[in-house]
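Visitor: Please pick one part of this protein and take me through it closely. Start with the overall layout, then zoom in.

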Amino acid sequence: MKFTELGPYLKAYREALGISPNAVANTVHVNHETITMLEKCESNMKLLGMLEDIKKFYHIEMIPIGDTEHKP
């Protein structure tokens, strides 16, 4: 998965779970605008520091692979 595909993937997953951006933001200790920016791929590199918390929140594991056809 390319870095630019990460935000839309997380948004689709969040919506599938019925979770609000505020719930994610509160859990990973950022404001909801940061989550929205991440989902729109408008975030800067500070998102990299949040990735570990986001992975824990969504109970997902990110494994580098070449196949970009995976969907949430």
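Guide: Along the sequence, the pattern reads α-α-α-α. That is 4 helices and 0 strands. Both are DSSP runs numbered from the N terminus: helices are H or I with at least four residues, strands are E with at least two.

This is a predicted model, in which local features need pLDDT of at least 70, side-chain atom pairs count only at pLDDT 80 or more, and totals for chains, interfaces and linings use all residues. Residues are numbered from 1 along each chain as its sequence is written, and side-chain values use heavy atoms, with hydrogens and water left out.

Next, confidence. The pLDDT is the predictor's confidence in each residue, from 0 to 100. Its mean over the protein is 77, and 71% of the residues reach 70 or more. Helix α2 has the highest confidence, at a mean of 88, while α4 has the lowest, at 72. Where pLDDT is low, the predicted coordinates should not be read in detail.

Now zoom in on Arg14. This residue sits in helix α1. Arg14 counts as buried because its relative accessibility is 6%. Buried means under 20% relative accessible area, exposed means over 50%, and partly exposed lies in between (1.4 Å probe, protein chains only). Across the protein, 26% of the 72 residues count as buried.

What does Arg14 pair with? Arg14 forms a salt bridge with Glu39, and their closest N and O atoms are 2.7 Å apart. Arg14 is in helix α1 and Glu39 is in helix α3, so the pair ties together parts that are 25 residues apart in sequence. The term means a side-chain nitrogen of Lys or Arg within 4 Å of a carboxyl oxygen of Asp or Glu. By this rule the count is 1 salt bridge. Glu39 is also buried, since its relative accessibility is 9%.

Look around Arg14 next. Setting aside neighbours within four places in sequence, Arg14 is in contact with Ile19, Ser20, Pro21, Val24, Glu39 and Tyr58. Contact means heavy atoms within 4.5 Å.

Follow one of those contacts, Val24. Not counting residues up to four places away in sequence, Val24 touches Arg14, Ile19, Ile35, Phe57 and Tyr58. Val24 belongs to helix α2 (residues 21–28), where Val24, Ala25 and Val28 are buried. These three cover an arc of only 100° around the axis, which puts them on the same side of α2. The arc is that of the directions from the helix axis to the C-beta atoms. Just after α2, His29 takes a positive phi of about 65°.

Of its 13 residues, Leu10, Val24, Ile35, Ile54 and Tyr58 touch the most other members. Contributing two or more residues each are α1 (3–17), α2, α3 (32–39) and α4 (47–58). Helix α4 gives the most, with 5 residues. A nonpolar core is a set of buried Ala, Val, Leu, Ile, Met, Phe, Trp, Tyr and Cys residues joined through side-chain atoms within 4.5 Å.

Last stop: Leu38, in helix α3. Leu38 is buried, with a relative accessible area of 5%. Leu38 and Pro8 are 30 residues apart in sequence, and their C-alpha atoms are 8.3 Å apart in space. Over the protein, 62% of contacts between residues at least 6 apart in sequence join residues at least 24 apart.
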